[in-house]
Amino acid sequence: MKIDLPSLLQFLLLSALLTSCSVYAPVQPTVPQLTARGQAEVVALVHLNGQVGGSVAYSPLRYATVLATSYSKSDSRDTTYFRNRQFEVAAGGYHPIGRHFLISALGGYGRAKSARGFRENRHPFPT
């Protein structure tokens, strides 16, 4: 039996990536709608699941954008919990196309810390 080493390494790498431990915490993508120098955009979000967040975007120069975003979710009301904190900073550009279209691109850095777990239920009445 002949083993194809490159295929085996690809399989092992793909398996390791698909089985890694992480907590996925999607957030609403932040794409500012700035169209001119000096404009700013402030966004605040409150989700039904308790997640809160916000972002600030500013255009200091024509066709340039800077952005800061932060999200947080803290859940401690139940025996299972999910907590998340994340932020990102980005810079990029935009270009209006006509009166109704806008092309924009951002690149930056972000960081997140998430935790999911279970804790023993504490009874509200003494036993």
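These legends describe several close-up views of a predicted model.

The model is predicted, and local features are given at a pLDDT of at least 70 and side-chain atom pairs at pLDDT 80 or more, whereas totals for chains, interfaces and linings use all residues. Residues are numbered from 1 along each chain as its sequence is written, and side-chain values use heavy atoms, with hydrogens and water left out.

**View 1. The whole chain, with its elements and the confidence of the prediction.** The chain holds one helix and five strands, where helices (H or I, at least four residues) and strands (E, at least two) are DSSP runs numbered from the N terminus. Along the sequence these elements follow the pattern α-β-β-β-β-β. The average pLDDT of the chain, which is the predictor's confidence in each residue from 0 to 100, is 80, and 74% of the residues score at least 70. Among the elements, helix H1 (residues 5-18) has the lowest mean pLDDT, 74, while strand S2 (residues 52-58) has the highest, 92. Where pLDDT is low, the predicted coordinates should not be read in detail.

**View 2. Strand S2 and its two partners.** Strand S1 (residues 40-46) pairs with S2 in the antiparallel sense over seven bridges, and two strands are said to pair if DSSP finds at least two bridges between them. In this pairing Ala 40 stands opposite Tyr 58, and Val 42 stands opposite Val 56. The hairpin of S1 and S2 has five residues between the strands, and Gly 50 there takes a positive phi near 100°. S2 also pairs with strand S3 (residues 64-73), again in the antiparallel sense and over seven bridges. S2 and S3 form a hairpin with five residues between them, and Tyr 63 in its turn has a positive phi of about 70°.

**View 3. Ser 55 on the covered face of S2.** Ser 55 lies in strand S2, whose covered face consists of Gly 53, Ser 55 and Ala 57, and whose uncovered face consists of Val 52, Gly 54, Val 56 and Tyr 58. Ser 55 has a relative accessible area of 7% and is therefore buried (buried means under 20% relative accessible area, exposed over 50%, and partly exposed in between, with a 1.4 Å probe and protein chains only). Leaving aside neighbours within four places in sequence, Ser 55 is in contact (heavy atoms within 4.5 Å) with residues including Thr 30, Val 42, Leu 67 and Thr 69. Thr 69, in S3, stands opposite Ser 55.

**View 4. Phe 87 in strand S4.** The place of Phe 87 is in strand S4, and because its relative accessible area is 38%, Phe 87 counts as partly exposed. Phe 87 and Ser 70 are 17 residues apart in sequence, yet their C-alpha atoms are 4.1 Å apart in space. Beyond its neighbours within four places in sequence, Phe 87 is in contact with Thr 69, Ser 70, Tyr 109, Gly 110 and Arg 111.

**View 5. The lining of the largest cavity.** The largest cavity has a volume of about 40 Å³, and its lining is formed by Pro 32, Leu 34, Thr 65, Gly 93, Tyr 94, Ser 104 and Leu 106. Strand S4 (80-97) and strand S5 (101-118) are the elements that give two or more residues to this lining. A cavity is, on a 1 Å grid over the protein atoms alone, a set of points where a 1.4 Å probe fits but cannot get out, and lining residues have an atom within 4 Å of a point; the volume is the space filled by probe spheres set on the points.

Terms used
On a 1 Å grid over the protein atoms alone, a cavity is a set of points where a 1.4 Å probe fits but cannot get out, and a pocket is an open set with protein on both sides within 12 Å along at least five of seven lines; lining residues have an atom within 4 Å of a point.
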